[in-house]
Amino acid sequence: MKIAVCIKRVPDMDVRFKIGSDNASIDETGLKFDINDFDAWAVEAALQLKEKNAGSDVTVISLGPDVVQETIRKALSMGADKGVQLKADRVPFDGLTIAKALSEELKAGAYDLILFGKMSPDSSNGAVGPMTAELLGFPCVTAISSLEITNGKGTAKRELEGAQEFVEFSLPAVLTVDEGLNAARYPSLKGIMAAKKKPLEVKPAQISNPQVRVRKLELPPERKAGRIVGEGAAAVPELVQLLQTEAKVL
Amino acid sequence: MPSDFYNIDSALSEEERAVRDTVHAFVDQHVLPVIGDCYVEGRFPKEIIPGMADLGMFGANLPEQYGCAGLNNVAYGLIMQELERGDSGVRSFASVQGALVMYPIYAFGSEDQKTHYLPKMASGEIIGCFGLTEPDYGSNPSGMITRAREQKDGSWVINGAKMWITNGSTAQVAIVWAKTGDDQSDKSIRGFIVPTDTPGFTAKDQKGKLSLRASDTSELVLQDVRLPATALLPKSGGIKSPLMCLTQARYGIAWGAIGAAQACYEEALAYAGNRVMFGKPIAGFQLQQQRLAEMLTELVKGQLLALHLGRLKDAGTFSPQQVSLAKRNNVSIATDIAREARRLLGANGILAEYSSMRHMANLESVYTYEGTHDIHTLILGQAVTGLNAFE
């Protein structure tokens, strides 16, 4: 089976972000970057399929400047076979622009399966996977939390609000991966050494004119400090009243 | 990361950072959740051995042809740092397996011994221990009384006792150092690969430890242990051979101590920010700020020392005396940092729920093993003055 996984390098989300001087992007100074978690689960899914299906091949693709090579090598050190960097000065915000560049690359690869994370936490669009499927004319299943492939057919589970949906699809297909599908393996130390010797091809990304741009970025307003109404049981009536009349949560 | 005040990350290669991140994540997931209980129960968490082996942590700086990861020495040091961020006992386990058992087989073993043992030790199938120290010969290993006598048919018979042996009761093989001649000279000391199921070999857990409780420390007794000629490490010869192993292990300790110090510093910093006393976080009081500033300063110096030593080792230009300086300094400052962190945590600092007191107690062993702090002082004294103050 020929599998492609499209991955993105994202900042560690457990930090306080600062807005850059252009007021439309984050200041990347001092930030730690790593593979998007959803994408890491997509890589893991591809590797598990590879282990089950002898002769399979996993290619990871990332669009962006040269720093994404580190992210590609992380996937290679987990066990992917080769990497492709679609080189661009920056990652456009416009999902369609990215999807067009990826689909150009993916068309040539004759992949049976193309995996994405369901979204990236930095832009939270969740658009690139389905858009790429559309451009390729492939079926698309989003946010899967289980996956089986047998005899050229696939089944997957999707978690819905209060229900689970089981879908069937034919290959080739585009899938986007949700939490719960698997736990991504750590790159082993041997894997890290082996990754240096695996092929990593660099090609210019075919970037069309983006139709969507970030105009302005703002931090959410500071939360107001809490108020202590009183202490002990005596304070309860007033607290209940304030929760009803002021906070309007009861 | 709060303990990377000097952005030492930027001095590491992508591969070195990747190795560090893998071991860091492993320790977060598999060591930190269990280590407090293991320490209280006095048991080594054997269940983590397969995971460590799968990731390639044993003998990680030995060549790939023997099933090892073939990492450079800085990456190896970072593994030790991250493991000891979990616990000195976990780092000790890996140090012994890699630097004290796999290394001597690699350095002094025959090709047959290397191809037989190294891949199985890298995969964790065989666990090893290292028997040099004896009940009456610690800082002076040359005085050892364990004897190996060559028989007419070329086989060997070993008699003696070894003490303070990490992994002693867990191991399937022991590297045992013994005098092969009758004289008192240390020139006849040679190393043997001893399967621990050989008749006459017994290992006994050393009870009553108040330090390194999550580690197997045992006493070995060898009574008429008969070994074939092939048990001898053919290229070992003289006290220099085991000392070369110790240099490898001490190098890892210089890094490991930094991991313990980082854990304590980060715990203290987080605690100081959250613990409110007299109406504000204790981090806002000058006394605690001085503590944190001193801890951080020594930590950063130790990090830079370990990294530069690693670069020298990778360049092949380091000396055992430079390793002595780094082991001596880094363990000493880590011990101080752990104690100050314990104090900053107040009463909570004595609980196993926090890590500082566990590290503090562990580091007292690390201060004493692999060349005591005092012996390293004398090594440095001799190195700079040319005068021997050992005897």
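A residue counts as buried if 20 or more other C-beta atoms lie within 10 Å of its own, exposed if 12 or fewer, and partly exposed in between, with C-beta atoms placed from the backbone. This is a predicted model, where local features need pLDDT of at least 70, side-chain atom pairs count only at pLDDT 80 or more, and totals for chains, interfaces and linings use all residues. Residues are numbered from 1 along each chain as its sequence is written, and chains are lettered from A in the order in which they are written.

| Feature of α9(B) | Value |
|---|---|
| Residues | 356-368 |
| Length | 13 residues |
| Reach, first to last C-alpha | 19 Å |

α9(B) is mostly covered, with 10 of its 13 residues buried, including R358(B), H359(B) and L363(B). They pack against α1, α4, α6 and α8 of chain B. After the helix comes E370(B), with a positive phi near 55°.

Now the chain contacts (C-beta atoms within 7 Å): 15 residues of chain B meet 12 residues of chain A. On chain B's side, α1(B) gives the most, 7 residues.

As for L115(A), its contacts include I3(A), V5(A), L175(A) and V177(A), leaving out residues up to four places away in sequence.

Notes:
Contact = placed C-beta atoms within 7 Å. Helix = DSSP H or I, 4+ residues; strand = E, 2+ residues; numbered from the N terminus. Expected span 1.5 Å × (residues − 1).
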